[in-house]
Amino acid sequence: MHIALLDWDNTLHRGYTIYGLADYLMEKGIVTRELLHHFKELEQLYLTGGISYAEYTERTCESFAQGLTGCSALLYKEAVQSYRPFNEAALYEDVHALFHLLKKHNVHTYLVSGAPFDVLNTYAEEFDLRGIFAFQLEVSGDTLTGRVSSNYGLDKERILSHPLLQAPGAVHLLSMGDAVADIPLLDHSLIPIVVGKQRLALRPDSDAIHFTGEKWNLELLEERIRGIG
Ligand SMILES: [Mg+2]
């Protein structure tokens, strides 16, 4: 069984999903402007070296969860559904073609991301996703508790010891990412794909595919998939 583990933000989606969603939730009166101010403060802290990248992303997710304390989980899910068409424009042009290619070659695809789970879940059927490891809000009854229940934006190497990759016959065929956090996935896969212009310190013998522009060389990817068989 061939498995693909893909990052989302800045890999398949331009920018951070959480920011667009937070803006939308504020317009709908579900979160307050305070949350957006807090996001800005955290971004400034990170840009001026006050906190690490890991801390920046972790605290951004924590403040998002806090901003939704006491909100109905159903109301939140409905808002995410209605946000989905606005998120669409942020996807890279070749994303649909990529998932079509993966499906054609019977690759089981999973997302490993720090983006909000419920947004990614709206793509589960369309992209034939087998699983989503992302940033999830803790729910108690029908209420969001204000806490984070999981965040796969950090320590992504955890996924490599997950039973799905340990199963007999499981082959980590490809991974796709844009950032340092994705390196463990890229280095573990047979076909690493780096999106964007960042130079990542991959293992020395890595034969990564680079998608640097708007148009992705999916013919090359298909050739590599066929080569592995
Ligand atoms: Mg990313």
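The structure is a predicted model, in which local features need pLDDT of at least 70 and side-chain atom pairs count only at pLDDT 80 or more, whereas totals for chains, interfaces and linings use all residues. Residues are numbered from 1 along each chain as its sequence is written.

Nine helices and seven strands make up the secondary structure of the protein; helices (H or I, at least four residues) and strands (E, at least two) are DSSP runs, numbered from the N terminus. With a radius of gyration of 18 Å, close to the 17 Å given by the globule rule for 229 residues, the protein is as compact as a globular protein of that length. Here the radius is taken over C-alpha atoms, and the rule is 2.2 Å times the number of residues to the power 0.38. Along the principal axes, the C-alpha atoms fill a box of roughly 50 × 40 × 35 Å. Of the 229 residues, 36% count as buried, a class that requires 20 or more other C-beta atoms within 10 Å of a residue's own; 12 or fewer make a residue exposed, and values in between partly exposed, with C-beta atoms placed from the backbone. Contacts are pairs of residues whose C-beta atoms, placed from the backbone, lie within 7 Å. Among those between residues at least 6 apart in sequence, 57% join residues at least 24 apart.

Strand 2 (108-116) has eight of its nine residues buried. Strand 2 pairs in the parallel sense with strand 1 over four bridges and with strand 3, also in the parallel sense, over five bridges; pairing requires that DSSP finds at least two bridges between the strands. In strand 3, F135 is the bridge partner of P116. The largest nonpolar core has 54 residues, and those with the most contacts inside it are L111 and V112. Such a core is a set of buried Ala, Val, Leu, Ile, Met, Phe, Trp, Tyr and Cys residues joined through C-beta atoms within 7 Å. Strand 3 (residues 129-140) gives this core its largest share, five residues. Beyond its neighbours within four places in sequence, V112 is in contact with residues including L5, L6, F133, Y152 and L185.

A134 lies in strand 3 and is buried, with 23 other C-beta atoms within 10 Å. Residues up to four places away aside, A134 touches L111, S113, G114, A115, P116, F117, L120 and Y152.

On helix 1 (residues 17-27), the buried positions are T17, I18, L21, A22 and L25. Viewed down the helix axis, these residues fall within an arc of 120 degrees, so they line one face of the helix; the arc is that of the directions from the axis to the C-beta atoms. Their cover includes helix 2 (33-47), helix 3 (53-67), helix 4 (73-88), strand 2 and helix 6 (117-121). Just after helix 1, G29 takes a positive phi of about 75 degrees.

Two further backbone angles deserve a look. Most residues other than glycine have a negative phi. D155 has a positive phi of about 50 degrees although it is not a glycine. D155 is found in the loop between strand 4 (143-151) and helix 7 (163-166) and counts as exposed, with 11 C-beta neighbours inside 10 Å.

How values were computed
Two residues are in contact if their C-beta atoms, placed from the backbone, lie within 7 Å.
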